[in-house]
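Hi,

Here is the structure I promised to send over. Have a look at it first, and my notes follow below.

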Amino acid sequence: MSQEKRTTTDAVEILHHLYIKDDPERIASLEAERVKSKIARQVYDLRISAGLTHQQLAEKVGTTIEVIDNLEETDYEDHEMGDAVFMLQRIAKAVGKRIEVDFRVVPLSTTGETTASIAAS
């Protein structure tokens, strides 16, 4: 029985086949980048909806413009945040789970604190 060669024109599928395949390191790296991208989009949306500049948000957070800009651009070294995401993914995988970052904007609590959660599912 001959095997038919499957063809596709889906660029994402082609790139995945060429560069990711079944390489666990590359798959983990791709997942870390997806999480960083989601965080970046949410930080940007939050800043814009609050009508703040990078400078204003940095001052409110107590950090630098570069940190805010890097978060929004996913332009930071893996050891700064990507390693943490990668490690969380490894831990979750070790216990048969996966990581979902749940970053929601909610009203401040009565103590003036906000929370962000990272859940394993």
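**What I found**

The crossing of α3 and α4 is right-handed. Before you read too much into any of this, keep in mind that the model is predicted.

Staying with that pair: α3 covers residues 54-61 and α4 covers residues 65-73, and the two pack with their axes 8 Å apart at an angle of about 110°. Angles of 65 to 115 degrees count as roughly perpendicular, so α3 and α4 fall into that class. On the α3 side the contact uses H54, Q55, L57 and A58, which meet I65, I68, D69 and E72 of α4. By type, the residues of this contact split into four nonpolar, two polar and two charged.

The other helix pair I looked at is α1 (residues 11-20) with α2 (residues 24-49). Their axes come within 10 Å and cross at roughly 130°, so α1 and α2 are oblique to each other. Here H16, Y19 and I20 from α1 meet R26, I27 and L30 from α2. That contact is made up of four nonpolar residues, one polar and one charged.

Leaving out residues up to four places away in sequence, T74 touches K36, S37 and A40. T74 and R41 are 33 residues apart in sequence, with 9.3 Å between their C-alpha atoms.

Cheers

Conventions: Residues numbered from 1 in each chain as written. Predicted model: local features only at pLDDT ≥ 70, side-chain atom pairs only at ≥ 80, totals over all residues. Heavy atoms only, no water. Axes fitted to C-alpha atoms, helices over the stretch in contact; angles between N-to-C directions. Helix = DSSP H or I, 4+ residues; strand = E, 2+ residues; numbered from the N terminus. Parallel < 35°, antiparallel > 145°, perpendicular 65-115°, else oblique. Left-handed = near helix turned anticlockwise from the far one by under 90°. Contact = heavy atoms within 4.5 Å. Nonpolar A, V, L, I, M, F, W, Y, C, P; charged D, E, K, R; others polar.
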